[in-house]
Amino acid sequence: MEQKIKFTIDGKECIADKGLNLVDAAKENGIYIPTLCHLEGIKPAGSCRVCNVKINGRFMTACTTDIAEGMVVENNNEEIQELRNIIVETLFVSGNHYCPACEKSGNCELQGLGYRFKMLVPRFPFEFEEKEVEANAPKIYIDRNRCILCKRCVRSIKTKDGKSIFAIKGRGHSAQINIDQELAKNMTDEEAQQAMDNCPVGSILRKERGYIDPIGRRKYDNEPIGSDIEQKVTI
């Protein structure tokens, strides 16, 4: 039997299994903590920092922090929301996220957070940096102009024998996502679709599958990002 942990988020009493990280534990209690790099079931990386919360008065990333007995979490106050706004706006201006022309529009988590945070015009200047598009793989291509380096693809898309199809090359400002061309040649349609679905933006796309979801039927057209979690019945 799993040990239960009691904690609070914004004054609400919560309970979840010991060993869960805060993002997943909050989700079980109907509380949405926004994130772009986290995938449930995959080892967290804390790359995007959008899930920053205050725990016992200190800023920490919720996806890399396991719940603890008596933990006091602040998730929704002015200071935290402003920090998240700054991060999301920075991601928009540091890449080519022209939503009307993007194949992932309506299914994009970064776009969804922009709407959730009521972002209109970023306060920071656009970089307009031009990066390479990788289109040699048979089933997918990578538009690095849209990549936010969340590392979801690196951590989740692997061959049957555990080899990573994607990897990070370089460090700091020069870091970019690369793909193993030999491994990519053997990707199935399902693996290519998973790579596209796991990418929170429009950086990884299946070839010949763009704009397949019509406007009005896309993931976030009718339900804002996070609303499915907030509507859950709490424990």
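A residue is called buried when its relative accessible area is under 20%, exposed when it is over 50%, and partly exposed in between, with a 1.4 Å probe and protein chains only. By this scale Asp 10, with a relative accessible area of 41%, is partly exposed. The structure is a predicted model, in which local features need pLDDT of at least 70, side-chain atom pairs count only at pLDDT 80 or more, and totals for chains, interfaces and linings use all residues. Residues are numbered from 1 along each chain as its sequence is written, and side-chain values use heavy atoms, with hydrogens and water left out.

Asp 10 is a handy place to begin with the backbone. Its phi is near 50°, a positive value in a residue other than glycine, and Asp 10 sits in the loop between β1 (4–9) and β2. Here and below, helices (H or I, at least four residues) and strands (E, at least two) are DSSP runs, numbered from the N terminus. Lys 151 also has a positive phi, of about 70°, although it is not a glycine. Lys 151 belongs to the loop between β7 and α4 and is partly exposed, at 35% relative accessibility.

The strands β1 and β2 lead on to the sheet. Two strands are taken to pair if DSSP finds at least two bridges between them. On that basis, 5 strands make an open sheet with mixed pairing, in the order β2-β1-β5-β3-β4. Because β2 (12–17) and β4 (58–61) stand at the edges with a single partner strand each, one side of each has no neighbour in the sheet. On average, neighbouring strands of this sheet are turned by 40° against each other, direction ignored. Strand β3 (residues 52–55) runs antiparallel to β4, and 4 bridges join the two; Asn 52 has Thr 61 in β4 as its bridge partner.

Helix α2 (residues 78–93) packs on this sheet, touching β3, β4 and β5 (72–74), where contact means heavy atoms within 4.5 Å. The direction of α2 makes about 155° with that of β3; axes are lines fitted to C-alpha atoms, for helices over the stretch in contact, and angles run from 0 to 180 degrees between N-to-C directions. Asn 77 lies in the loop between β5 and α2 and is partly exposed, at 21% relative accessibility. Asn 77 and Lys 54 are 23 residues apart in sequence, with their C-alpha atoms 9.7 Å apart in space.

On to the helix pair. Two packed helices are described by the angle between their axes and the distance between the axes. For α2 and helix α3 (residues 109–116), the angle is about 130° and the axes are 10 Å apart. The two helices, α2 and α3, are therefore oblique to each other; angles under 35 degrees count as roughly parallel, over 145 as roughly antiparallel, 65 to 115 as roughly perpendicular and the rest as oblique. Val 88, Leu 91 and Phe 92 in α2 meet Leu 110, Gln 111, Leu 113 and Gly 114 in α3. Helix α3 is mostly covered, with 6 of its 8 residues buried, among them Glu 109 and Gly 112. These buried residues of α3 pack against α2, α4 (152–156) and α7 (219–222). Just after α3, Lys 118 takes a positive phi of about 55°.

The bridge partner of Ala 167 in β9 is Asn 178. Together β8 and β9 form a hairpin with 6 residues between them, and Gly 170 in the turn has a positive phi of about 85°. Strand β8 is also part of what covers the buried residues of α6, along with β7, α4 and β10 (204–206). In helix α6 (residues 189–198), those buried residues are Ala 192, Ala 195, Met 196 and Asn 198.

Ala 192 is also touched by Lys 139, whose contacts, not counting residues up to four places away in sequence, include Met 187, Asp 189 and Leu 205 as well. Lys 139 lies in the loop between β6 (133–134) and β7 (140–143) and is partly exposed, at 28% relative accessibility. Between Lys 139 and Lys 163 there are 18 Å in space, C-alpha to C-alpha, the two being 24 residues apart in sequence.
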